[in-house]
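This report considers a helix, a loop residue and a charged pair. Please keep the structure in view while reading.

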Amino acid sequence: MKPFISLSTYGVINWLAVVLLLGCPWALGFYKLGGAALFLPLLFGWIEFIMAVFSNNKHGFFKQMPMEMHLFLDVIIGSFLFMSPFIFHFSDKVVWPQVLIGGLVFIAGAFTHKSPFTDKYRHHLPEGQLQSVDSES
């Protein structure tokens, strides 16, 4: 599938996800539940924050982390956050913030330009251009 989210738009989505993950337990009042319902959004929010600061894109500050790695980790974090209310059995108390934000992070990671899930692997050589020293005698 073709990527439809630009890197510039992704940077905005990423910082929005950081703010939502770190603020939603207090804004929506489920910080009182504690446990995984509180811990996972905070953990993933801080991980997203660190990745956003070090990402090699327009909105990153230090530009050390390759975008391919960042997007791959976003897909994993988003899918885990999406499933967390059902895995940790707090879906009867709070479910929609984790599902919506997890889905947002997953979709952003999977359908952004340079995503390893949509773009072709960049290190392929065109057919017939073998560049191995083992094949030369």
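This is a predicted model: local features need pLDDT of at least 70, side-chain atom pairs count only at pLDDT 80 or more; totals for chains, interfaces and linings use all residues.

Several residues of helix 2 are buried, among them A37, L38, L40, P41 and F44. Further along, G45, E48, M51, A52 and V53 are buried as well. The cover over the buried residues of helix 2 includes helix 1 (7-27), helix 3 and helix 4 (96-110).

**The loop residue F61**

F61 is located in the loop that lies between helix 2 (35-54) and helix 3 (67-87). Leaving aside neighbours within four places in sequence, F61 is in contact with W15, A52 and V53. F61 itself counts as exposed because its relative accessibility is 58%, and exposed means over 50%.

**The salt bridge**

The structure contains 1 salt bridge. D92 and K93 form a salt bridge, in which the closest N and O atoms are 3.8 Å apart. D92 is exposed, since its relative accessible area is 62%. K93 likewise counts as exposed, at 54% relative accessibility.

| Residue | Relative accessibility | Class |
|---|---|---|
| F61 | 58% | exposed |
| D92 | 62% | exposed |
| K93 | 54% | exposed |

How values were computed:
Residues are numbered from 1 along each chain as its sequence is written. Side-chain values use heavy atoms; hydrogens and water are left out. Helices (H or I, at least four residues) and strands (E, at least two) are DSSP runs, numbered from the N terminus. Buried means under 20% relative accessible area, exposed over 50%, partly exposed in between (1.4 Å probe, protein chains only). Contact means heavy atoms within 4.5 Å. A salt bridge is a side-chain nitrogen of Lys or Arg within 4 Å of a carboxyl oxygen of Asp or Glu.
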